[in-house]
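Please open the structure in your viewer and keep the selection tool at hand. The tour below moves from one selection to the next.

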Amino acid sequence: MTMRMTVRCSAIFSNLPFRSSPTNQSSVVAGIPWSSSVFGQFKSQAAPGNHHNISSSSSSSSKMGDHATPSFEKPRLVAKKVLARSQQEGVGASVRRSIGSGALRNLDPFLMLDEFSVSAPAGFPDHPHRGFETVTYMLQGASTHQDFAGHKGTIRAGDLQWMTAGRGIIHSEMPADEGENTGLQLWINLSSKDKMMAPRYQELQSKDISRVEKDGVDVRIIAGESFGVRSPVYTQTPTMYLDFTLHPGAQVHQRIPEDWNAFVYILEGEGVFGDPKASPATSHHTLVLSPGDGLSVWNRSAKPLRFVLIGGQPLNEPIVQHGPFVMTTQAEIQKAIEDYHYCKNGFENARHWRSQQQQQQ
């Protein structure tokens, strides 16, 4: 039985300008616990010494690991290539979607990847989430977010917001600078045992994100580990998220947990991924990687290559999705719609809340 979509505390659900995603149900696979932070107050701080600028004279094998030579027993290759085509989302915003599109519904535990571009007055006004995490990484400009629990802030180029929506969040994401504001937003699924957990945030400024520079390779370690340096971010669903820039002639060899799913999204330039004899892949492509214990990348062009490498432990659980709600059964989706409609079970604060931007309209 399906529930008719009606109003939620005077707001029309079907007209909400959230980042939409096709409703789907499919068999699809997560664990590092969060710290006991207080919702709306926690801001992760990098541990001392987490920013490393390693000179070329440092050749310690403990720092280099598999980055010096490709010594993987089972190198990962490109299994599928998906071009992220531009489409309209929110109110006047433009996104390039790869994961979450018709070409790649999901890649367990990942539900969606958008490269977004938004200029005021466009944006993503008040909209809900339940059952997963949203990771917003700004590339250019700034984005101001606020939610119905009083959490508010602005993230700028190089900053990160890692939000676990859990049982329920309603928030807005609006451009904060003039001109074009761009970034990546990744949706990471939560296991069935975590879907109704209390919402939590981790936010890092650019200066607090761990970084390594070595032999033409510059990597920002958003989550996980690279060159022996670990990010201070803890992930509910075990995840690695690395932002690589390879200068002309550089190469990198990054280890990836063998049982994880992983992919690359190319932001700028072109590079050779996995097989040294492969044809170069270019910007705005997502490269789904085959199973294996590591990825090799070569930049043979005359311009820098920038890409993110993202991997995660699969949950191997069903996915039932209805727009901004992602659960494991249709009954749970119906319950999420009901909870949102009646402002209960995590959505209590929605009854009288509107973002400042919505109040001004």
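The stops that follow go from a helix to its salt bridges, and then to the nonpolar cores.

This is a predicted model, in which local features need pLDDT of at least 70 and side-chain atom pairs count only at pLDDT 80 or more, while totals for chains, interfaces and linings use all residues. Residues are numbered from 1 along each chain as its sequence is written, and side-chain values use heavy atoms, with hydrogens and water left out.

**Helix 2**

Select residues 330–342, which make up helix 2, a run of 13 residues; helices (H or I, at least four residues) and strands (E, at least two) are DSSP runs numbered from the N terminus. From its first C-alpha to its last the helix reaches 18 Å, close to the 18 Å expected at 1.5 Å a residue, where the expected span is 1.5 Å times one less than the number of residues. Colour Ile 333, Gln 334, Ala 336, Ile 337, Asp 339, Tyr 340 and His 341, the buried residues of this helix; buried means under 20% relative accessible area, exposed over 50%, and partly exposed in between, with a 1.4 Å probe and protein chains only. Just after helix 2, Cys 343 takes a positive phi of about 55 degrees.

**Salt bridges**

Now show the side chains of Lys 335 and Asp 339, which meet in a salt bridge at 2.8 Å, N to O; the term means a side-chain nitrogen of Lys or Arg within 4 Å of a carboxyl oxygen of Asp or Glu. These two residues are 4 apart in helix 2, so about one helical turn separates them. Lys 335 is partly exposed at 34% relative accessible area, whereas Asp 339 is buried at 0%.

**Nonpolar cores**

Which residues touch the most other members of the largest nonpolar core? Select Leu 160, Trp 162, Leu 186, Tyr 241 and Phe 263, which do so among its 27 residues; a nonpolar core is a set of buried Ala, Val, Leu, Ile, Met, Phe, Trp, Tyr and Cys residues joined through side-chain atoms within 4.5 Å. Strand 12 (160–164) and strand 14 (181–189) are among the elements that give two or more residues to this core. Finally, select Val 229, Ile 256, Trp 260 and Leu 289, which are included in a second, separate core of 26 residues.
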